[in-house]
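Have a look at the model first.

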Amino acid sequence: AYYERGFAFVDDVNSRWPDFNNLTEALFKKAEKSQDLDEKAGIYDRILFYKPREFEALDKLNALMDERDVS
């Protein structure tokens, strides 16, 4: 009985928990459209909040910081 209730709990959590893959994909698209470097940096930072191992976002954030330092 406990085993089945545990699975019911996991299914309930999964149905309520956001799909971070879709969320981060949407945030990447938003960053691509933005022309503001500060806004882009904030978006990449938010992606890293949701998925700390999103190395693409980390690379893009580092590139933005380098671009900002050059400007």
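## Helix 3

Helix 3 runs for 14 residues and spans 20 Å from its first C-alpha to its last, close to the 20 Å expected at 1.5 Å a residue. Helices here are DSSP runs (H or I, at least four residues), numbered from the N terminus, and the expected span is 1.5 Å times one less than the number of residues.

Its buried residues are Ala41, Ile43, Tyr44, Ile47 and Leu48, where buried means under 20% relative accessible area, exposed over 50% and partly exposed in between (1.4 Å probe, protein chains only). Looking down the axis of helix 3, they fall within an arc of 160 degrees, so they line one face of the helix; the arc is taken over directions from the helix axis to the C-beta atoms. The buried residues of helix 3 pack against helix 2 and helix 4, with contact meaning heavy atoms within 4.5 Å.

## Helix 2

Helix 2 covers residues 20-33. Thr24, Leu27, Phe28 and Ala31 are its buried residues. They cover an arc of only 105 degrees around the axis, which puts them on the same side of helix 2. On the other side, Asn22, Glu32 and Lys33 are exposed.

Glu25 also belongs to helix 2 and is partly exposed, at 44% relative accessible area. Its C-alpha is 9.0 Å from that of Ile47, 22 residues apart along the chain.

## About the model

This is a predicted model: local features need pLDDT of at least 70, side-chain atom pairs count only at pLDDT 80 or more, and totals for chains, interfaces and linings use all residues. Residues are numbered from 1 along each chain as its sequence is written, and side-chain values use heavy atoms, leaving out hydrogens and water.

Key
Helix = DSSP H or I, 4+ residues; strand = E, 2+ residues; numbered from the N terminus.
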